[in-house]
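Please report on the metal sites and the surface of this model. Keep it brief.

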Amino acid sequence: MKALVYDAVGAVPAVTEVADPDCPTDGVVIEVRATGVCRSDFHAWVGHDPVALPHVGGHELAGVIIETGADVTRWAVGDRVTTPFVCGCGRCDCCRAGSPQVCPDQTQPGFTGWGSFAEQVVVHAADFNLVRLPDDLDFLTAAALGCRFATAYRAVTGHAAVHEGDWLAVYGAGGAGLSAIMIGAALGLRVIAVDLSAQALQLAAEVGAERTINAADGDPVESITELTGGVHLSLDCAGTATTALQSVRSLRRRGHHVQVGLLFGPSAAPPLPMDRVIAWELSIHGSHGIAAADYPGLLDLVTSGRVQPGRLITDVTDLAGAGNALVAMGDPSPHSGITVALPTG
Ligand SMILES: [Zn+2]
Ligand SMILES: [Zn+2]
């Protein structure tokens, strides 16, 4: 098969002919019909999130099963599927309690093994991790659901009880942030988007942000507090120490902060204002993807047309184009839409 391979940290990935993957007894091989290019792929490529080399990234995938392992009972060749980016082992306490996204034995296509920037990809513990695509959901949209949209869905709905009319602040209007804005607006939340890029904020307004704040113009916390008295729910989708702290400081009493953006290096451990956390009874949540079992609510939102993740797709390309998109994420102002590659044409 063809795959987008890199053999050193930061080396430009190249489309290369490699061996087809072996099918694990509990897994499947999927022919990849569409795969999104995500910032997490970039973090692996530049070495923030180390992977074994040579490597094939890609974890936002949709495709058709072409082989099933002997132990797989729920799936058959020809099924149209996607999968959360964190795949649980299906056996441990976390998985059995319905939280495979924190499974200690998790696998992640594109991180713990080769991913979907290829014509074929393996998913382990398939009975536990695959999600059947509704007939009317195309592969392109399904790939755009990938980690960012699904993660955003759970970040908005999975940690705090939110009600129509509540304020939601979203720091960072990249793929995850724009998804959260779209989902929040569809659920009737009043959404404030914060970013440093005027272009990203324009997209944010187009997908449902009621207010946009350019953090380059001053302290966004002041503007948010003035406007709302503090928001009910705030997401840091940017993943910096600055935005994580701003997000927490944007909350009203008993508000909820959800950390969505990954934090690396010097940003990894921002100093939280624990004095305010206790005095205002703030809640701090981490959000690490979503369980396959939690997809139905998300798929309902999509197939009913209440949210249109396809609107976030700004580029459709091939495997080589996925490599270019990955490299371009290192630009000072990367573009904020989603690039999706079609590895099998
Ligand atoms: Zn597990
Ligand atoms: Zn991702």
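This is a predicted model: local features need pLDDT of at least 70, side-chain atom pairs count only at pLDDT 80 or more; totals for chains, interfaces and linings use all residues.

Residues are numbered from 1 along each chain as its sequence is written, ligands are numbered from 1 in the order in which they are written, and side-chain values use heavy atoms, with hydrogens and water left out.

Donors are N, O and S atoms within 2.8 Å of the metal (3.2 Å for Na, K and Ca); water is not among the atoms, so sites may look incomplete.

| Ion | Protein donors | Distance | Spacing |
|---|---|---|---|
| zinc ion (ligand 1) | C89 (SG), C92 (SG), C95 (SG), C103 (SG) | 2.3 to 2.4 Å | C-x2-C-x2-C-x7-C |
| zinc ion (ligand 2) | C38 (SG), H59 (NE2), C147 (SG) | 1.9 to 2.2 Å | C-x20-H-x87-C |

C38 lies in the loop between strand 3 (28–37) and helix 1 (39–45), and C147 in helix 4 (residues 139–157), so the pair ties together parts that are 109 residues apart in sequence. Helices (H or I, at least four residues) and strands (E, at least two) are DSSP runs, numbered from the N terminus.

C38 is buried at 3% relative accessible area. C147 is buried at 7%. C92 and C95 are both buried too. Buried means under 20% relative accessible area, exposed over 50%, partly exposed in between (1.4 Å probe, protein chains only).

M274 is exposed, at 51% relative accessible area. M274 belongs to helix 9 (residues 274–279).
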